[in-house]
Amino acid sequence: MIEDIELETLINDVYEYYGFDFGSYSRASLKRRVSRVFALEGFKHFHDFLSKVRTDPEYYKRMIDEITVNVTEMFRDPSFYLTLRKEVLPLLGTKPFIRIWHAGCSTGEEVYSMAIMLKEEGLLHKSILYATDINASVLETAKSGIFPLRMIKDYADNYRDAGGQQDFSDYYIANYGFAKFNENLSEKMVFSQHNLVSDTSFNEFDLILCRNVLIYFDNNLQKRVVNLFDDSLAVLGFLALGTKETIKYSISQTKYKQFAKEKIWRKIKE
């Protein structure tokens, strides 16, 4: 495990050399992830690692990808998706057009989960799903819609528990150990790089999902990001966070009411 002082040096150097600010990330989580990269790459001394980061932009990019990748799966927490399907989508369905933002979408499993649900509820044709992440390489995976076949059984179980009625295998073609999801799902998706730490709002949305991302940020940054979502959410729109996340300390509670027992809030006034 790297030392705290080494982590601070890395944070300062990355900001100075590349303008990327890790300053507001949770130190414990960042330390674990940097230590993992340090060990995997076989460095013996921290100054060698630091020197490589400073002098090799390609290596720096790879390190950022390793540190910022978030673990995800299709229909993760099925009860959350069941609530979306039964209680949120019928309300969104009354709108002429539905805009959804998956912030911190990682490799895209949750975006495809949403597209499948929208299709089954007859809403995909009038929806657009914006999927953003800070990490360019995970966005490439997400765009491709190709996931390891070994994960599909778990995903199919999640899908059924989340209220899925169809045969899950109708949504993908299996080949060489991978599942490629149908393009009639991905044609409704727009993927782009977006940094929750420094970028601003880029549209108005009816539903924003950012699950299990805020846990990596400190309190000030969590507050900033929740306010970014507030700026980006239409009145009567929905905000969905991860199971350990809340908006409680970030924004006026009179503007939002918690919707259902899951971590879903509805914006009730501007």
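This is a predicted model: local features need pLDDT of at least 70, side-chain atom pairs count only at pLDDT 80 or more; totals for chains, interfaces and linings use all residues.
The protein is divided into domain 1, spanning residues 4-67, and domain 2, spanning residues 78-267. The centres of the two domains, taken over C-alpha atoms, are separated by 29 Å, and the contact involves 10 residues from domain 1 and 11 residues from domain 2. About 810 Å² is buried between domain 1 and domain 2, with carbon and sulfur atoms giving 53% of this area. On the side of domain 1, Ser24, Tyr25 and Asp65 supply 55% of the area buried against domain 2, more than any other three residues. Across this interface, zero salt bridges are found, whereas five residue pairs are in polar contact. Helix H2 (27-40) and helix H4 (57-68) each contribute at least two residues to the side of domain 1 that touches domain 2. That side comprises three nonpolar, four polar and three charged residues.

The structure holds 20 salt bridges. One of them joins Glu8 and Arg27, with the closest N and O atoms 2.7 Å apart; this pair links helix H1 (residues 4-18) to helix H2 across 19 residues. Both partners are partly exposed, Glu8 having a relative accessible area of 29% and Arg27 one of 32%.

A network of salt bridges links Asp230, Lys255, Lys267 and Glu270. Within it, Asp230 and Lys267 meet at 3.4 Å, N to O. Because Asp230 lies in helix H10 (residues 219-232) and Lys267 in strand S10 (residues 264-267), the pair ties together parts 37 residues apart in sequence. Asp230 is buried at 6% relative accessibility, as is Lys267 at 0%. Lys267 also forms a salt bridge with Glu270 at 3.2 Å; Glu270, by contrast, is exposed at 64% relative accessibility.

Note on methods
Residues are numbered from 1 along each chain as its sequence is written. Side-chain values use heavy atoms; hydrogens and water are left out. Domain bounds come from an automatic or database domain assignment. Contact means heavy atoms within 4.5 Å. Buried area is the accessible area (1.4 Å probe) that two parts lose on being put together, summed over both. A salt bridge is a side-chain nitrogen of Lys or Arg within 4 Å of a carboxyl oxygen of Asp or Glu. A polar contact is a pair of N or O atoms within 3.5 Å; within protein, one must be able to donate a hydrogen and the other to accept it, and residues adjacent in sequence count only if both atoms are side-chain atoms. Helices (H or I, at least four residues) and strands (E, at least two) are DSSP runs, numbered from the N terminus. Ala, Val, Leu, Ile, Met, Phe, Trp, Tyr, Cys and Pro count as nonpolar, Asp, Glu, Lys and Arg as charged, and the others, Gly among them, as polar. Buried means under 20% relative accessible area, exposed over 50%, partly exposed in between (1.4 Å probe, protein chains only).
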